[in-house]
Amino acid sequence: AARCPLNGTCDCCTCRCCGLFILICWVILGGYNAIASLSLDSDLTTYPACIDYDSSITGECCQIKLAGTDYYIDGSCDDFKTALEIGAANGILEAIAGIVGIIGMSMYIAWLLLIPA
């Protein structure tokens, strides 16, 4: 039986084991990314002139309150919310791809167990 090239770097497991671990990480991190991105857009305030709040930003800015601290981002809150929603959609798609991969890898392992060599 040919050895998997990944076994040189992770001798503790097979390629299927490492593949499942990577797919599980996709699910966990994708779900976390989606939740974190969607939870940030709750307390946003747009200011047309941000010079009064942050002298390094000229023009419109968006204020974000996190844990009692105010942060200012150059640009409107609508643009920031759009970026957050795109990041959340990316995280959801990453989690879905991980779930589909886990199902596919499980079916592949089941076929290997059912078909004698």
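**Note on the predicted model: sheet, helices and disulfide**

1. Strands β1 and β2 run antiparallel and are joined by four bridges. Two strands are taken to pair if DSSP finds at least two bridges between them. Strands of a sheet pair through backbone hydrogen bonds, either parallel or antiparallel. Within this pairing, T46 stands opposite C62 of β2.

2. The basis of the note is as follows. The model is predicted, with local features needing pLDDT of at least 70 and side-chain atom pairs counting only at pLDDT 80 or more, while totals for chains, interfaces and linings use all residues. Residues are numbered from 1 along each chain as its sequence is written, and side-chain values use heavy atoms, with hydrogens and water left out.

3. The protein chain contains two helices and three strands, arranged along the sequence as α-β-β-β-α. These elements are DSSP runs, numbered from the N terminus: helices are H or I with at least four residues, strands are E with at least two.

4. The three strands form an open sheet in the order β1-β2-β3, with antiparallel pairing. Its edge strands are β1 (44-47) and β3 (69-74), each of which pairs on one side only. On average, neighbouring strands of this sheet are turned by 25° against each other, direction ignored. Helix α2 lies across β1, β2 and β3 and runs at about 140° to β1. Such angles run from 0 to 180 degrees between N-to-C directions, and the axes are lines fitted to C-alpha atoms, for helices over the stretch in contact.

5. Which cysteines form a disulfide? C62 and C77 do, with their sulfur atoms 2.1 Å apart. The criterion is a pair of cysteine sulfur atoms within 2.5 Å, and by this rule the count comes to one disulfide. The pair links distant parts of the chain, 15 residues apart: C62 lies in strand β2 (residues 61-66) and C77 in helix α2 (residues 77-114). With 100° about the S-S bond, the link of C62 and C77 is right-handed.

6. Are C62 and C77 buried or exposed? Both C62 and C77 are buried, where buried means under 20% relative accessible area, exposed over 50%, and partly exposed in between (1.4 Å probe, protein chains only). C25, by contrast, is partly exposed, because its relative accessible area is 25%.

7. Q63 belongs to strand β2 and counts as buried because its relative accessible area is 4%. Its side chain is joined to that of Y47 by a polar contact of 2.9 Å. A polar contact is a pair of N or O atoms within 3.5 Å; within protein, one must be able to donate a hydrogen and the other to accept it, and residues adjacent in sequence count only if both atoms are side-chain atoms. Leaving aside neighbours within four places in sequence, the residues in contact with Q63 (heavy atoms within 4.5 Å) include D43, L44, D70, Y72 and C77.

8. S37 lies in helix α1 (residues 15-39) and is buried, with a relative accessible area of 10%. Apart from neighbours within four places in sequence, S37 is in contact with L84, G87 and A88.

9. For the chain as a whole, 25% of the 117 residues count as buried. The protein chain exposes about 8,100 Å², of which carbon and sulfur atoms supply 66%; accessible areas come from the Shrake-Rupley method with a 1.4 Å probe, and for residues only the protein chains shown count as cover. Among contacts between residues at least 6 apart in sequence, 45% join residues at least 24 apart.
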